[in-house]
Amino acid sequence: MSGPEYLVEMRGIVKKFPNVVANDNVSFTLRPGEVHALLGENGAGKSTLMNILYGIYRPDAGEIWVYGKKVDIRGPRDALALGIGMVHQQFKLIPVHTVAENVILGLREQGFVINERKINNELTQLIQRYGWTISPNSRVWQLSAGEKQQVELLKALYRKVRILILDEPTSVLTPQETVALFQTLRKMASQGLGVVLITHKLEEVFSVADRVTVMRAGRNVATKNVKETNIEELVELMIGRPLLKISSTRSLDTSKPVLEASGLVVLGDKGLEAVRNVSFKLYRGEILGIAGVSGNGQTELLEAIAGLRKIMRGKVLLDGVDITNRHPQKIIDAGVSYIPAEVLRYSAPEMTVAENLVLKAYRNHLFANSLMIRWRDVNRKAEELVKAFRIVTPTITNKVANLSGGNIQRLVLARELGTLPNTKVILAAYPTRGLDIASTEQIHQELVKRAEQGVAVLLVSEELEELMALSDRIMVMYRGEIVGVLRRGEYDVEEIGLMMTGVKRAEVSA
Ligand SMILES: Nc1ncnc2c1ncn2[C@@H]1O[C@H](COP(=O)(O)OP(=O)(O)OP(=O)(O)O)[C@@H](O)[C@H]1O
Ligand SMILES: [Mg+2]
């Protein structure tokens, strides 16, 4: 084999932000033909390191070598010219444009001659080679998240990148789309590309990567061949200790439900029935899991209970009181707390950490006398929550927009779990999505702790292991309906998996 051993060599990279060393003397290499996982907890510095390689940030110290030559990357344009492409967590596509238009966007300005027919042919070939489902003429707004990602990949391939960085690409994908993406990445590697996969999911390392670099607190703590390591070792490298086991000693009181839903019908965004005739009872101290492929009405169900979406038919009782279609603030005041799936939509990025932490609570007299906000109390509470939920931020006056993705998630969780005093029910939609394992473990412990204190938890998740570990019962949702309920002791991955595809189970009544 000829050519350099490394496509990329980063040496001693240092990047400081106000009060944080995001990258502390980090070295990293990428070989042609490999998928290299960059693994680490929220805030470990993964995105920063790759944003430096892509020219978004300039390092404070360190060197970057590409194809054996020392380079100075001043911006994404320099990176692209070197054959480096990056797919960000938030796609950078123009929805009203077609796939082809998005691909060629910006090329004309860079002096490329645009021949549409030729481009369409080339794109069609690439799409076929990778077995994708998009077409050059589809409009981006019509595409699913997985397909939008294909457009981003197509953009990179069309620009003939040899080094491709993906920042947590699976966080927006269904399990099936993830499998397809990994096949694509393997194919890219087999053609000699070097692929960097930023992730905090250990399974992903083992299903697609050749090497793995683990980052912790801004440092590279190890680079390993995937074949020569295992989950336990990677966990310890990532969080600095082994994982704890969840254990709980709670006893359910099933004499009367805290929350009772009967015959709920709720419309989805497209005006079709997203929730169909759903009934269940949730008891004090119970964690009731909802399993299902996302998009089967789970989110709509929780939003409807929280008062954020209209209930067309049916009733919701909280401690026997009808809260159907009440104002969301009234439902919060009644003791229902909601951890939404799309945390970004439920945070105010331009406001500070402290303001975000008490956004809901300051109306609760806890932090306000009539209309005056008691800032001293707000700040004290905020400091406490930042510590308890390990939100990585230099100060509580930092803007939320500056936090890493996982830390915004922690912030919303802290707000929902930490500030509302009389919570009876927690509605949690994918509360650990996007979180690293240590934070996931912490959220699990928080939920179990709340349940032990008598709070009832309705937990939506796509992770069966999470549901089986935490839930007293699991309901499976498919196309808006409950297709079955299992009790702890009856859990069976295959059976639940089948039910997730719509196979019904004889109802176990509660
Ligand atoms: N533009 C910025 N301004 C200030 N601080 C920043 C900025 N970007 C990142 N940081 C901080 O640098 C640290 C590393 O962040 P980074 O985004 O690289 O983490 P990450 O490993 O990608 O985490 P996640 O898994 O949560 O995405 C964090 O403490 C973060 O708050
Ligand atoms: Mg990141």
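Which helices and strands each supply at least two residues of the shell around ligand 1? They are β2 (20-30), α1 (46-53) and α13. Helices (H or I, at least four residues) and strands (E, at least two) are DSSP runs, numbered from the N terminus. This is a predicted model, in which local features need pLDDT of at least 70, side-chain atom pairs count only at pLDDT 80 or more, and totals for chains, interfaces and linings use all residues. Residues are numbered from 1 along each chain as its sequence is written, while chains are lettered from A and ligands numbered from 1 in the order in which they are written.

**Domains**
- The protein chain is divided into domain 1 (8-239) and domain 2 (257-335 + 463-510). These bounds come from an automatic or database domain assignment.
- The centres of the two domains, taken over C-alpha atoms, are separated by 37 Å.

**Ligand 1**
- The shell around ligand 1 has 19 residues. N42, S47, T48, S404 and G406 come nearest. A residue is near a molecule if its C-beta atom, placed from the backbone, lies within 6 Å of it.
- By type, the shell holds 6 nonpolar, 12 polar and 1 charged. Ala, Val, Leu, Ile, Met, Phe, Trp, Tyr, Cys and Pro count as nonpolar, Asp, Glu, Lys and Arg as charged, and the others, Gly among them, as polar.

**Helix α13**
- Helix α13 covers residues 405-418. At 1.5 Å a residue, its 14 residues should span 20 Å, and its end C-alpha atoms are 19 Å apart, which agrees. The expected span is 1.5 Å times one less than the number of residues.
- In α13, 12 of the 14 residues are buried, so this helix is largely enclosed by the rest of the structure. Buried means that 20 or more other C-beta atoms lie within 10 Å of a residue's own; exposed means 12 or fewer, and partly exposed is in between, with C-beta atoms placed from the backbone.
- G406, N407 and R410 are among the buried residues of α13.
- Those buried residues pack against β16 (336-339), α11 (353-357), α12 (375-388) and α14 (437-452). Contact means C-beta atoms, placed from the backbone, within 7 Å.

**Residue D436**
- D436 lies in the loop between β19 (425-429) and α14. D436 is buried, with 23 other C-beta atoms within 10 Å.
- Not counting residues up to four places away in sequence, D436 touches E41, N42, H200 and G406.
- D436 and H200 are 236 residues apart in sequence, yet 5.3 Å apart in space, C-alpha to C-alpha.

**Nonpolar cores**
- The largest nonpolar core has 75 residues. Among them, V425, L427, A428, V457, L458 and L459 touch the most other members. Helix α13 gives the most to this core, with 6 residues.
- A second, separate core of 58 residues includes M50, L164, I165 and V195.
- A nonpolar core is a set of buried Ala, Val, Leu, Ile, Met, Phe, Trp, Tyr and Cys residues joined through C-beta atoms within 7 Å.

**Helices α5 and α9**
- Helix α5 (residues 145-158) has 11 of its 14 residues buried, so α5 is largely enclosed by the rest of the structure. Just after α5, K160 takes a positive phi of about 55 degrees.
- Helix α9 (residues 298-305) has 8 of 8 residues buried, so α9 is also largely enclosed by the rest of the structure. G307 follows α9, and its phi is positive, near 85 degrees.

Terms used. Contact = placed C-beta atoms within 7 Å.
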